[in-house]
Amino acid sequence: MTRNLLGRSFLLAMLALGSRVQGEEKIHVVATIPDLAEFAQRIGGDLVDVKGLATGVEDIHSVPMKPNFAVLLNRADLVVLLGLEVEHAFLPGLLEASRNPKIQRGMPAYIDCSKHVRVLEVPTRIDRALGEQHPMGNPHYNLDPLAMKEAARALAEGFGENYPQHKSVFQSNLKTLLADLDKNIARWKREAAALKGKKLVSYHPDLVYLAARFGMQIVGTIEIRAGVDATPSHVEQLIELMQREKVDVVVRELHYPAGLAETVAQRTGAALVGLPVMVGGVPGAPARGGVPEIIRSEGGATTEAKAGGPPTCSYVGLIDYDLHALVKAVGEPRKS
Amino acid sequence: MGIVEKRRASDSGVHRRTFRGLALMVICAVLGRAAARAQTPDEMQKEIQTMKQQIEELQEKTRKQAELIEKLAPPAKPASGSSSQEGAGAQESGQAAGAKDAAAESEGQPADESAEGAENPELTAEEQRIVDEVIRQIQPSLSAANRTFPSQFNPAIGLFIDMAFSWEENGGSDFDFRSAELGLSASVDPFARGYAILNGTEDGFEVEEAAVVTTSLPYSLTVKGGRFFADFGRLSKFHDHDLPVVNRPHVLDTFVGGEGQADGAEVSWLAPIEQYLSLTAGAYDKIGADNDRVDGNVPRDLGRFTFLVRPATYFAVTDASGIDLGASYAATPRVDSPTVDGAGTISDEEARHLVGVDVTYRYTPLGEAQYRGLVIGTELLFNSEERDVGDPGAPDFRRRNAWGLYSYVELKATRRYNPGFLFDWSQDLSRDEGDTTAYSPYLTVWLSEFQRLRLQYTYLDQPGNHESQVFFQWTAILGSHVHGFRDR
């Protein structure tokens, strides 16, 4: 009797599961970072259901490998990533745990958005003595709006390759997204004119693309090498270099601690500014109208179209926040 | 100007410079020889004339070659009229120019395309500078790609070096070369990947793991076969150098037999539900590198294999914290039990049951994952088997149940310094002797992601031995490394 009951319950559960799966028609997309989740949502429109892994406040090199992420990836039809091995601390392990063969590396559903990006800082020598190198080059291109246009193109291409029947929709949405970005890029260029020629030091080489795009010069990093925490002798050398070069700004990416960055800024007279490096990095970062809002959901971040909503987080909001903070910082008189 | 045109013009520019250089060299050589031999003015003039003639012949030959290249090259693209030359860092200000520049830049970014359409077949100095700059920028990428290409099919290789200095109150001191583990991994084909851990220690060299894992089975299934660490519990699946402490807890050494090494096959399944739930089932010769209850090297009936089942799940408490929960059951229907004098084993045809429950709580503040965190892990084990409790030469097998557990807490206090504490308790499997208890405070110092120092103090309280121990461990990783889901 008990065995029959158990058997029936199992059968009913499986049938319910089957009907649920059949009832879902949307394309399930998992994006590694909120920036790409937003782009995926805008390009996929109503055809997609997007889930993000990182919420935006993390250091992308240390996003926790949560088992419920493996569940999201298990159901994913497409996975969208920044690429250049920046997700190596969590994505390969999660993909293996997902047991989803169609989104594994090299498959069409594995959409690497770095495909068309002109990569900076490609190392000419691969050696751990040089820090935690990214052999394919600096992967933090998401802070460069022009590079992200290339990412959007790769994303739309990937969507179209996997779902050719919707290709025209993806391309049309891409066009709208690119036009929106172009409009903002023009504005950002005007608004960030004051940054040209200014010198900065960041904690980690997160700002290489942003600085290059808006004409800033990166003098060094607080980390002794990428991914290797500073030593006292390195800090002294850095301060000496910054004083010699008259560095204007010290940038602390918000996932790094404040103490050392404050010390370096104080001793050199440079302005200190804390910047998010991903969408959602500062909850409530102001966004322009018509841009989707990033909201938290169980298992990570996801996107929801809420045009004209309250101050929120979006890619445009992220770049607005970073550029305005930098412009304000370089406008401040030096303290020494 | 098209790329082909630029290359062609660049070639002719190179030729011109080459000839100028050649001429200079020839003149220098002639003058040098003249000075050396103290030639007469007539002789010198004659020799210079000869050299001039040779240079003219060379120039004519090169001109013909250039014409030939031009004929063979594809026709030039029509002029586009665009004059934007922005690179990655270039920018212009101005309201009207902004949107146009943005649109121009967005069309693929490359600066070399933006100069298309110039009519002049010869490069100006500025154009040449741009070409040189572009080549200079892409050359490192090309060089890096060329260097790595020949080894693309080789497995990823990593080497773990693990050494320790130990001091034991009753046992003295020792420099312990714990292991040099060579890890290899690569895809086998579209259907499987493979990996191996080859371990060299003071005791010799062994294949610690070498397994093939499927990658493309349907229904969220994975099959693993070969020699690997069975999916029993938590820390028994960790290699020594990956443990959060210097030494594996005594309870795992006693109950599992050290590392959970097993020769066999496993099937793992991820349930298609919202909740993370994985289920593993396996069959092995035995589980435990130091487990000698079964001789895994001889053919035998299925009753002398070990069978495993393990469900594991995860509960997210908050965005920053969660609990991993797992249960493991390994059964060996018939085992050979060690005799009380330790001289050998006797087949007593009775089953052994090994059960474990493991709980791991993790707190990882999302915005400070590299600097703050907390891990609390506990594993409770239960062993039931027939043990020889008789006298030497007169075995008397009785079923004995034994319990054991370890608990550890590790704090990520800074990016570098992680203090922790391990408590370890286990009953004697035969219940003849008293319990073993160990208390181990420790401090791990991460010099970088690839190099780690660890200082550990242990107070060991076991039958016949009560002592303090101190360990200083130094571990380094060379080459490739992966962040595995199981080892997180």
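**A conversation about chain A**

Reader: What does chain A have in the way of helices and strands?
Author: Chain A has 10 helices and 10 strands. Please note that this is a predicted model.

Reader: And how many of its residues count as buried?
Author: Of the 336 residues in chain A, 59% count as buried. The chain exposes about 13400 Å², and carbon and sulfur atoms supply 55% of that area.

Reader: Let us turn to helix α10 of chain A. Which residues is it made of, and how far does it reach?
Author: Helix α10 covers residues 315–331, 17 residues in total, and reaches 24 Å from its first C-alpha to its last. That is close to the 24 Å expected at 1.5 Å a residue.

Reader: Is α10(A) mostly covered or mostly uncovered?
Author: It is mostly covered, with 12 of its 17 residues buried. Among them are A:Tyr315, A:Gly317, A:Asp320, A:Asp322 and A:Leu326.

Reader: What covers those buried residues?
Author: The cover includes helices α2 (34–44), α5 (145–162), α6 (167–191) and α7 (208–213), together with strands β7 (249–253) and β8 (271–275), of chain A.

Methods:
Residues numbered from 1 in each chain as written. Chains lettered and ligands numbered in written order. Predicted model: local features only at pLDDT ≥ 70, side-chain atom pairs only at ≥ 80, totals over all residues. Heavy atoms only, no water. Helix = DSSP H or I, 4+ residues; strand = E, 2+ residues; numbered from the N terminus. Buried < 20%, exposed > 50% of the residue type's maximum accessible area, 1.4 Å probe, protein only. Areas by Shrake-Rupley, 256 points an atom, 1.4 Å probe, with all protein chains shown as cover. Expected span 1.5 Å × (residues − 1). Contact = heavy atoms within 4.5 Å.
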